[in-house]
Amino acid sequence: MIPKIILGKGQRATRRLIGYLYGPGSANEHTDPHLVSSWNGFAPDPGRSPHRNPKDVEDQLAAQLDQPMKMLGDKAPETTVWHCPVRAAPEDPILTDAQWADIARRIVAAAGIAPEGDEEACRWVAVRHADDHIHIAATLVRQDGRRPRRDHDMRAVQREARKIEADLGLRRLKPGDGTAAKRPTSKEHFKAKRQGQDTTAREILRMRVRRAVAAASSEPEFFALLEATGVSVRPKTGPSGDVLGYSVALPGDLNRHDEPVWFSGSTLAGDLSLPKIRRRLDGYGPEPVVARSANPWHQATAATERIPDHLTHGDEHMAQGQLVALGGTLDLLTLTAPAAARTELEQAAAAFERATRSRITADLDSARVLRHSVQTILRTPSATGDGAGLAMLLDAALIAVAFARHWHRQHQHAQQEAAAEQALVHLQAAYAHVAAPALNDLARRTPGIQTKQRYARHLQQAAPEHAERILQDPAFDALATVLAEAEATGHNAATILDQALGQRSLNDARHPARALTWRIHRLGQRHAPGPRAQAAKARSTAPRADAPIHPLPVTPVQQPPQARRR
């Protein structure tokens with residue numbers, strides 16, 4: 001159940017609101033508007049007065065609501081109207097008028113508009129014109145001429161809504177911390193549906209602005225990227241000519257006056273205002289110094305693999321910075337993904353967007369390597385490769401998102417935890433689409449049985465607790481391929497296997513064979529160590545001649561029928 005508070009100003013604010021509530025709506029979505037409750041239980045109802053002109057009854061209702069305010073004359077407050085739509089979730093049962101009436105009384109009491117038992121409280125009405133929501137309209141002068149005590153009324157009504165959900169068995173929303181992006185309004189949803197769109201203009205713009213922020217290295221580049229994606233941009237300038245903010249619109253998204261519908265960055269999401277975008281662009285510091293030939297997929301994967309350690313052992317500001325960078329990574333990876341995985345990856349990025357914001361200030365500089373690497377991938381079309389790079393990065397991202405969920409749980413960020421959980425489901429599905437063909441391609445080049453038996457002995461000695469599971473996994477053929485390719489470039493198979501196992505425990509890996517494949521794939525493309533170093537390492541890790549050998553499956557990798565949680 002979602003309540004929202006809107007304040008109105010002006011002498012005719014009450015009459016305008018009543019006219020809207022009893023009118024047809026902007027898309028003729030209002031049906032059977034009528035009162036379900038009021039301050040006195042017998043206020044005039046324009047929807048249930050068949051023998052009178054509805055407009056006259058609307059005038060009468062507005063006049064009665066305004067009466068305490070009119071008594072103050074020029075001492076009346078500037079803000080005169082308190083408007084609170086209360087909407088049930090789509091999966092909730094249709095509530096009766098009596099249930100909505102009780103909800104309205106609980107909401108106005110919690111907000112301080114009309115405390116229970118206070119006969120001199122503000123006047124209010126609750127109007128229902130749809131199955132799933134009501135509108136509460138109140139005037140902000142009590143009947144004794146005083147102002148209502150409505151300190152922190154938004155928090156109060158949210159708390160009461162959580163109690164109502166529990167009492168009526170409705171869908172229970174997670175408590176928030178005030179950092180969530182603004183939801184599309186019912187008007188925006190109706191407009192999108194009318195135009196045959198599944199997504200509102202607000203949501204499309206939020207996604208494009210987030211991608212532009214993640215891809216840009218400077219403010220001019222940010223605005224250039226927005227325009228390149230078909231977004232109309234309108235800067236807000238001060239008297240000095242300095243740009244103070246911006247608004248964006250989608251071409252063809254017009255209001256009733258055939259004018260573009262503009263959204264300021266801050267109304268898309270709190271972290272998309274221009275001042276916060278500037279802080280984010282400046283917060284990463286200079287680009288990191290990397291080797292000229294460094295593979296950006298490998299760099300991004302290595303940086304992503306370090307996120308769980310930052311979340312576990314770093315301070316909360318660094319952890320928040322890592323989550324911001326991870327969200328930007330998911331935003332941009334959708335642009336490099338194959339068509340089969342793109343929808344799931346877009347949904348994962350959209351869900352995880354909520355998990356990137358909290359009240360904790362982000363240390364962005366700690367994540368600049370990840371940000372720079374993903375930007376390099378986006379700017380270098382040749383870096384897309386055969387899909388192995390994306391599969392490798394998504395494998396690391398799955399673990400990072402799982403740790404993000406746990407981190408938010410520890411910090412009691414209920415909405416962010418739920419968002420990470422939802423993102424994990426979509427990310428697993430996207431990974432399945434990407435990993436299966438990449439692993440099958442590697443498996444087709446698997447080495448001979450004797451070579452694989454040698455690798456099996458290395459594995460049994462280096463990771464006995466995981467060896468059985470890895471050797472029985474169809475992905476072992478792909479693992480053998482990357483080990484053979486590493487050897488062909490001068491690496492020692494036992495040494496590189498030890499290095500891969502030492503990077504991170506396999507205990508939290510859903511598929512250890514796949515996790516090792518991507519690690520060795522990345523390590524194998526590094527410069528091989530010299531002969532002396534290899535010889536010294538070989539002497540210290542030589543396997544026993546009598547070590548048992550497990551049977552080796554040579555079946556092709558099958559794409560999982562459904563993603564399971566890591």
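## Putting the terms to the test

Colleague: Strand β8 (residues 243–249) and β9 run antiparallel and are joined by 2 bridges. What makes them a pair?

Modeller: Two strands pair if DSSP finds at least two bridges between them. β8 and β9 have 2, so they meet that cut-off and count as paired. Within that pairing, Val248 has Phe263 in β9 as its bridge partner. Before we go on, this is a predicted model: local features need pLDDT of at least 70, side-chain atom pairs count only at pLDDT 80 or more, and totals for chains, interfaces and linings use all residues. Residues are numbered from 1 along each chain as its sequence is written, and side-chain values use heavy atoms, with hydrogens and water left out.

Colleague: Why is strand β5 (residues 122–128) called largely enclosed?

Modeller: Buried means under 20% relative accessible area, exposed means over 50%, and partly exposed is in between (1.4 Å probe, protein chains only). In β5, 7 of the 7 residues are buried, so the rest of the structure largely encloses the strand. Cys122, Trp124, Ala126 and Arg128 point one way, Arg123, Val125 and Val127 point the other, and all are buried.

Colleague: Which strands are joined to β5 by bridges?

Modeller: Strand β3 (residues 34–38) runs antiparallel to β5, with 4 bridges, and there Ser38 has Val125 as its bridge partner. Strand β6 (residues 133–142) is also antiparallel to β5, with 6 bridges, and Ala126 stands opposite Ile136 there. A hairpin through 4 residues joins β5 to β6.

Colleague: How do you know that Lys191 is buried?

Modeller: Its relative accessible area is 18%, which is under 20%, so Lys191 is called buried. Lys191 is in helix α5 (residues 186–194). Contact means heavy atoms within 4.5 Å. Leaving aside neighbours within four places in sequence, Lys191 is in contact with Asp253, Leu254, Asn255 and Val261.

Colleague: And why is Arg150 called partly exposed?

Modeller: Arg150 has a relative accessible area of 24%, which falls between 20% and 50%, so it is partly exposed. Arg150 lies in the loop between β6 and α4 (153–168). Among its contacts, again leaving aside neighbours within four places in sequence, are Leu7, Trp82 and Leu140.

Colleague: What makes a space a cavity and not a pocket?

Modeller: On a 1 Å grid over the protein atoms alone, a cavity is a set of points where a 1.4 Å probe fits but cannot get out. A pocket is an open set with protein on both sides within 12 Å along at least five of seven lines, and lining residues of either have an atom within 4 Å of a point. Grid points are joined across faces, edges and corners, and a volume is the space filled by probe spheres set on the points.

Colleague: Which residues line the largest cavity?

Modeller: Ala214, Arg280, Tyr284 and Thr329 are among them. The largest share, 4 residues, comes from α12. The lining divides into 5 nonpolar, 2 polar and 2 charged residues. Ala, Val, Leu, Ile, Met, Phe, Trp, Tyr, Cys and Pro count as nonpolar, Asp, Glu, Lys and Arg as charged, and the others, Gly among them, as polar.

Colleague: How much space lies in the second largest pocket, and which residues lie nearest its centre?

Modeller: About 790 Å³. Of its 29 lining residues, Lys187, Lys191, Leu254, Asn255 and Val261 lie nearest the centre. α5 gives the most to the lining, with 5 residues. By class, the lining has 11 nonpolar, 11 polar and 7 charged residues.
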